[in-house]
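Work through the exercises below with the coordinates open. Try each task before reading its solution.

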Amino acid sequence: MDVVELECSACGKKYDASVEQHLCTCGKPLLARYDLRRAAATLTLENLKTRLRTLWRYAEVLPNDPPVSLGEGMTALVHAERLGAAIPCGPGNLKRLFIKDEGLNPTGSFKARGMTAAVSRAKQLGARGLAAPTAGNAGGALAAYAAAAGIPAVIVMPADTPAANVMECQAFGAKVVKLNGLISDCGKYVAEHKDREGWYDVSTLKEPYRVEGKKTMGYELWEQFGGELPDVILYPTGGGVGLIGMCKAFDEMQEMGWIGAERPRMVAVQAEGCAPIVRAWEAHESSAQFFPNAATVASGLRVPGPLGDLMILSMLRQTNGTALTVTDEEMLHAGRELASLEGIFAAPEGAATVIAARKLAASGWIKREETVVLFNTGTGYKYAEAWQRALQSARPE
């Protein structure tokens with residue numbers, strides 16, 4: 001279905017979706033809007049049974065472009081019984097703990113979802129070159145989808161980005177620019193060069209369609225739970241587009257009459273060494289301050305100044321959610337636990353949600369009868385350096 005219009009997430013100003021658009025004049029992200037009444041007529045659980053098992057099955061709530069697809073979406077939802085049994089919760093443990101394993105996507109992370117939608121739309125709009133800053137997985141995903149679309153890509157990344165991410169970008173034929181600094185510095189580089197070089201900027205939330213691909217994680221949960229949603233969702237939050245996207249999906253579902261006003265309680269999980277959202281949440285602020293000297297082994301969480309801070313904090317409040325930090329050492333320990341108990345080789349970002357769930361269950365914030373979903377946003381195979389550290393620090397049992 002065609003996007004009806006684009007709307008500013010902050011001031012509500014409307015934009016034409018048929019031409020290239022990036023940020024609102026107020027500097028905030030734009031969101032795609034659809035004719036949801038029309039969409040609801042054909043987007044049903046019954047019709048989904050016969051559709052292609054990629055995220056493009058939700059065509060009525062995605063841009064109507066010929067998809068540049070590598071088979072992304074419809075990732076496994078694993079009932080983590082052994083891990084749940086190891087997490088104390090009140091007098092028992094977590095009986096209904098699930099892991100949505102986004103590491104099974106093309107290029108090994110949830111970033112494939114955003115890039116299939118963004119690159120499909122960019123190609124339709126006539127983009128001659130694509131560019132984005134990345135701390136890791138987004139670069140590989142952009143490089144892969146750009147290659148599939150036949151469009152040149154420039155990936156700008158911190159010099160200490162995991163080697164696997166650098167190699168995959170190069171393998172897909174993208175130009176890689178390494179900078180000494182953080183993803184925020186890489187973002188400035190793209191902003192300063194894009195007009196002169198003719199790049200279509202695919203930076204996080206600086207175009208409206210990556211969030212559209214990522215919102216399909218919310219649609220998949222609804223479908224995989226048989227038309228229901230979990231009570232709690234724990235999400236590793238760097239740029240926060242996955243969290244924003246799922247909340248957008250839930251709003252669309254309500255408008256289509258699929259669900260009521262109740263929402264899963266959303267939990268933003270950040271690294272102690274880079275926690276702008278948690279800091280703002282604890283201070284009861286509606287926006288986040290830039291987080292100085294950001295440092296964490298989870299490169300996807302090393303986002304010191306997320307552009308979507310207003311939306312993330314608002315969505316945490318609206319869903320009665322929360323935000324908390326975990327240390328790098330906790331992440332590395334949890335990664336080993338998740339792998340040995342459930343056979344899921346997770347990125348540190350995904351492992352962070354295990355620690356967060358343990359803390360929230362211990363405090364009583366999560367109840368033992370609740371359905372809880374942890375998102376592993378990427379595969380551990382891309383984090384050889386972090387995993388080497390995790391295994392070296394493992395004490396023999």
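Predicted model: local features only at pLDDT ≥ 70, side-chain atom pairs only at ≥ 80, totals over all residues.

Residues are numbered from 1 along each chain as its sequence is written, and side-chain values use heavy atoms, with hydrogens and water left out.

**Exercise 1. Characterise the overall fold of the protein chain.**

Step 1. Count elements: the chain has 15 helices and 15 strands. Helices (H or I, at least four residues) and strands (E, at least two) are DSSP runs, numbered from the N terminus.

Step 2. Look at contacts (heavy atoms within 4.5 Å). Of those with a separation of 6 or more, 71% join residues 24 or more positions apart.

**Exercise 2. Describe how helix 4 packs on helix 5.**

Step 1. Take the axes, which are lines fitted to C-alpha atoms over the stretch in contact, with angles from 0 to 180 degrees between N-to-C directions. Helix 4 (residues 111-124) and helix 5 (residues 137-149) have axes that come within 9 Å and cross at roughly 40°.

Step 2. Classify. Angles under 35 degrees are roughly parallel, over 145 roughly antiparallel, 65 to 115 roughly perpendicular and the rest oblique. The pair is therefore oblique.

Step 3. List the contact. Helix 4 gives residues including Met115 and Val119, and helix 5 gives residues including Leu142 and Tyr145.

**Exercise 3. Repeat for helix 5 and helix 6.**

Step 1. The axes of helix 5 and helix 6 (residues 163-171) lie 8 Å apart, at an angle of about 15°. Helix 5 is thus roughly parallel to helix 6.

Step 2. Asn137, Gly139, Gly140 and Ala143 of helix 5 meet Asn165, Glu168 and Cys169 of helix 6.

**Exercise 4. Is glycine 140 buried or exposed, and what is it in contact with?**

Step 1. Glycine 140 has a relative accessible area of 0% and is buried. Buried means under 20%, exposed over 50%, and partly exposed in between (1.4 Å probe, protein chains only).

Step 2. Leaving aside neighbours within four places in sequence, glycine 140 is in contact with Thr107, Glu168, Cys169 and Phe172.
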